Amino acid sequence: MVGMGVGLILFGAAVPAVAEKPAGEWDLSAEVGLEARVFANKPDHPGQSGNTFSPSLFIAPEIIYEWNGGDDRATLKPFLRLDRDDDNRSHFDIREANWLHLGDGHDLVVGIDKVFWGVAESRHLVDVINQDDRVEDLDGEDKLGQPMIQMAVSRDWGTLTGFVLPGFRERSFPSDDARLRGALPIAGDDATYDAGREDRAIDIAVRYTQVFGDVDFGISHFHGTSREPRLSVVAGATGPELRPHYDRIDQTGVDVQYTADAWLWKLEAIGRGGHGSYFGAAVAGVEYTLYQIRESDADLGLLAEYLYDGRDENGDAPLTAFENDVFFGARLTLNDPEDTTLLAGAIIDVGDRSTLATLEASRRIGADWKVEIEARALIDIAPSDVLSGVRKDDFVTFRLTRFFECSRGTSSDPPEARNPRVDACRDSHRRPSSSGRYVR
Amino acid sequence: MGSEFAYEDLVSQEVERYTYKWLRDEPCGELTCHVTERYPVYEHSGYTKQVVWTDTTDYQPRKVEFHDRKGALLKTLLFKDYRQYLGLYWRSHTFDMVNAQTGKSTVLTFSDYVFMVGLSEQDFRKNRLKRAR
């Protein structure tokens, strides 16, 4: 909560007196979704809910105000989920609450924002700014808002961005009685820290990016509290439980993508110190796209990646499932008016063949609705594998989302300059935004 | 995606994208047009050649015929409703594309062009484009 408070204070102090410049543009929109998870198996651990069918609801509004011809923008994106079976999954977060200023040769963001770094598909190694909203989904694509002051300077030699990150967000975990929490309950409220000031320490990061011909290059450094906690077994009131500990780390990251016609060659690599010995980790892969297959409008992307992580496995570092794995995936986009997309992928442990498989399909219905199906399966998980705690938690998610939009200029616009939808807040055709998923 | 326009048809028409051959001059409506053939340089183009009618008064394209990989006429595009802005820039406000092989058509209409809106080179850098709405 401190993290969100700091972010809101930054945001409130930063937005200049909007009343001085009344001629701006509002844009209000929202996504409301109904979700049902269906679990394939009975729960594996005592205390976990036995419900096969698990519903939830989410609301994600977006309020944007732009002024000075778009040079200034204030964004507010709250998020609320209500889950019948997982108390921790019922949560509220401010994904974004910031002021963006596009200046002469620099861009400034003050407040809560979401920043994504990276090029790989299976694991986002260099992406270190935002904390995972781990109750949302297993794939690490949903993030909690992060308070920040971000300044980017863009020139011919590239873009240099500096981040000051006050306020730390702790990772969200499923409740003790929920599916997907793992073998032991997690005492999220009892987290400990390396830093004396705990979640009030200030972290910093810097990033340089540039495009060299067909190569997109990025290098970054982060100094601060690790977003990944180390989970240690402690004696709790009702039995053993896992307590998160957040180490202070230094992480240097590199991300490179080389584009050669239909081939994308990708690499993400990090070096991290602060969890015991210094270690390196990398994801390297390739994506090949067949455009307009068999004279249709559809594109088929084929992906393969190798994942390596060299961290200590003696408890000094947070556990990872991706120390020596391969990933295979395929993405089919029909490029039809409904934007039908299918995604299939599997991450396989080279050592013990434990497999995490994913199947996703999404399609729009009319102008205002979207339906999605996501299946996650854990196949042949070895008892010693990091994923063994959730090996019986295979599930399918059905999601129905409704999109709302209204936008209007302000009353100081001359009538002929007004958007035709001015003063009318009604459902209109809108391309649904991807909810947290990395969009290339 | 559901229309008769391919991405290739909508990107900016750079001279280096094609090689050319002038065929003839002929009347086109109330104007006179140069009729030229052009051949895409890009080896993965969907077209083997295009025939273009360009008027001799304002030098704007009026009609383009697209020929497919087998050389047959595939589509015809008409640029209609030209207006000039700032005394310099001609803009067509209606692109009318008819597929000669299927009979289907797509009409793109453009309106409310505004020039001199204050965009600079910076706004086209990657980090700014990511923030564009």
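**Stop 1: where the chains touch**

Start at the contact between the two chains: chain A puts in 13 residues and chain B puts in nine residues. Being in contact means that the C-beta atoms of two residues, placed from the backbone, lie within 7 Å. Now select strand S4 (91–102) and strand S6 (146–155) of chain A; each gives at least two residues to the side of chain A that touches chain B. Colour that side by class and you'll find five nonpolar, five polar and three charged residues. Here Ala, Val, Leu, Ile, Met, Phe, Trp, Tyr, Cys and Pro count as nonpolar, Asp, Glu, Lys and Arg as charged, and the others, Gly among them, as polar.

A word on what you're looking at: this is a predicted model, where local features need pLDDT of at least 70, side-chain atom pairs count only at pLDDT 80 or more, and totals for chains, interfaces and linings use all residues. Residues are numbered from 1 along each chain as its sequence is written, while chains are lettered from A and ligands numbered from 1 in the order in which they are written.

**Stop 2: all of chain A**

Switch to cartoon view: chain A has one helix and 21 strands. Of the 440 residues in chain A, 33% are buried (20 or more other C-beta atoms within 10 Å of the residue's own, with C-beta atoms placed from the backbone; 12 or fewer is exposed, in between is partly exposed).

**Stop 3: a three-stranded sheet**

Next, pick out the open sheet S8-S12-S11 of chain A, whose pairing is mixed. Strands pair if DSSP finds at least two bridges between them. At the edges sit strand S8 (192–193) and strand S11 (230–236) of chain A, each pairing on one side only. S11(A) runs antiparallel to strand S12 (residues 239–246) of chain A, with seven bridges joining them. Click Arg230(A), and opposite in S12(A) is His245(A).

**Stop 4: around S14**

Which strand is joined to S14(A) by eleven bridges? Select strand S13 (residues 248–260) of chain A, which runs antiparallel to S14(A). The hairpin of these two has two residues between the strands, and Asp261(A) takes a positive phi near 55°.

Then move on to strand S15 (residues 279–290) of chain A, which pairs with S14(A) in the antiparallel sense over ten bridges. Five residues lie between S14(A) and S15(A) in their hairpin, and Gly274(A) in the turn has a positive phi of about 130°. Finish on Leu267(A), which stands opposite Ala284(A) in S15(A).

Notes. Helix = DSSP H or I, 4+ residues; strand = E, 2+ residues; numbered from the N terminus.
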